[in-house]
Amino acid sequence: MAKMIKRVNIVALTATALWLAGTSLAGAADVNVYSSRHYPTDQAMYDKFTAETGIKVNVVQGDINGLVQRLQREGANSPADVIITVDAANLYILKNAKLLQPFKSATVDEVVPANLRDPDGQWFSIAVRSRVIAYNTDKVKPADIATYESLSDPKLKGKVLTRSSNHTYNLSLIASLIANDGLDKAESWAKGLVANFARAPQGGDTDQLKAIAAGEADIALTNHYYYARLKGGSDADKKIVEKIAILFPNQADRGAHINVSGVGLTKNAPNKAEAAKFLEFLISKDAQKVMSAGTMEFPVRADVEADPILASFGKFKVDTLNLAKLGEATPDALKVADRAGWR
């Protein structure tokens with residue numbers, strides 16, 4: 001049995017070595033990135049980093065679950081230096097699986113607000129998104145939907161749309177309600193929200209906006225950038241949102257729920273010096289401008305102007321809850337959604 005185990009390990013190491021030799025991820029002056037983001041703008045950002053530093057950025061893209069499994073399989077032999085993903089829940093998964101290591105940087109501490117960083121330094125945010133409430137301006141008064149909690153009011157029965165609860169966008173929103181209002185109140189809210197659904201959850205956030213435009217309902221939960229992209233898109237896109245507005249909830253109390261795109265240094269990063277330069281570059285002014293303009297996410301830097309469409313939304317108050325709390329509350333959020341019948 002001992003001989004068999006030894007042979008299997010040698011085969012695994014040989015396979016990894018052959019894979020590395022056949023890809024550009026083995027370069028000496030490279031930084032190797034695993035990313036679950038899928039925006040063309042990211043490549044433009046990577047190209048800019050290479051032009052400035054001479055360090056090539058090699059990227060493997062995939063969904064977060066696949067990338068987590070890949071890192072686990074590769075173990076100490078992983079070529080990955082950096083992993084980029086979206087949502088605090090996914091960053092929590094990476095940390096909890098012990099796939100990250102602390103990254104100490106005075107630049108990160110100075111530029112990125114404390115609530116947008118892991119308290120243990122294992123990840124930090126590179127872009128901000130808010131879960132907002134979209135509504136038909138002809139049929140809904142903003143005062144009636146001023147908070148997330150108001151969406152469970154029985155007077156909104158048959159008026160609300162959202163995607164499924166198992167998507168991280170909604171799980172993190174539920175997690176924020178658990179953190180702010182307590183488990184019992186969050187569950188009561190979820191049950192009230194489900195009772196107000198105009199239809200069973202389906203599609204993505206853009207589909208909810210299209211459904212409002214088609215008259216299927218009056219209100220929807222969406223991330224702000226889906227609306228912003230339609231607002232700045234083709235004539236057909238602009239037509240969809242011509243009678244739709246968004247509001248940032250809970251401005252009279254804790255502020256709007258926010259989430260992030262975030263990044264971490266992998267546990268077994270083979271190119272730590274190059275990775276450190278890359279991580280700090282992602283929060284440079286130039287990179288933040290490129291990223292925000294391309295994705296319609298808000299920059300994490302206070303000294304970087306947001307895209308004009310985002311700026312047109314005006315200043316808004318954000319919930320300053322440390323986003324690590326969202327990851328911690330996600331298991332309870334899953335249970336809340338299930339008990340509420342939010343599929």
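Start at phenylalanine 278: in this predicted model, its relative accessibility is 0%, so this residue counts as buried. Keep that ring on screen, as two of the pairs discussed here involve it.

Zooming out for a moment, a search of the whole structure turns up 11 aromatic pairs. In one of them, tyrosine 46 meets phenylalanine 278 with ring centres 5.8 Å apart and planes at 50°, so this pair is tilted. Where do tyrosine 46 and phenylalanine 278 lie? Tyrosine 46 belongs to helix H2 (residues 40-53) and phenylalanine 278 to helix H11 (residues 272-281), so the contact ties together parts that are 232 residues apart in sequence. Tyrosine 46 and phenylalanine 278 are both buried.

Now look at what phenylalanine 49 does with phenylalanine 278. Here the centres sit 5.3 Å apart and the planes are at 80°; edge-to-face applies because that angle is over 60 degrees. Phenylalanine 49 is in helix H2 and phenylalanine 278 is in helix H11, so this pair ties together parts 229 residues apart in sequence. Is phenylalanine 49 buried or exposed? Its relative accessible area is 1%, so phenylalanine 49 is buried, the cut-off for that label being under 20%.

Arginine 229 lies over the face of tyrosine 226, at 5.6 Å from the ring centre.

Terms used
Residues are numbered from 1 along each chain as its sequence is written. This is a predicted model: local features need pLDDT of at least 70, side-chain atom pairs count only at pLDDT 80 or more; totals for chains, interfaces and linings use all residues. Side-chain values use heavy atoms; hydrogens and water are left out. Rings of Phe, Tyr and Trp (its six-membered ring) pair if their centres lie within 6.5 Å; planes under 30 degrees apart count as stacked, over 60 as edge-to-face and the rest as tilted. Helices (H or I, at least four residues) and strands (E, at least two) are DSSP runs, numbered from the N terminus. Buried means under 20% relative accessible area, exposed over 50%, partly exposed in between (1.4 Å probe, protein chains only). A charge sits over a ring if NZ of Lys or CZ of Arg is within 6 Å of the ring centre and within 35 degrees of the ring normal.
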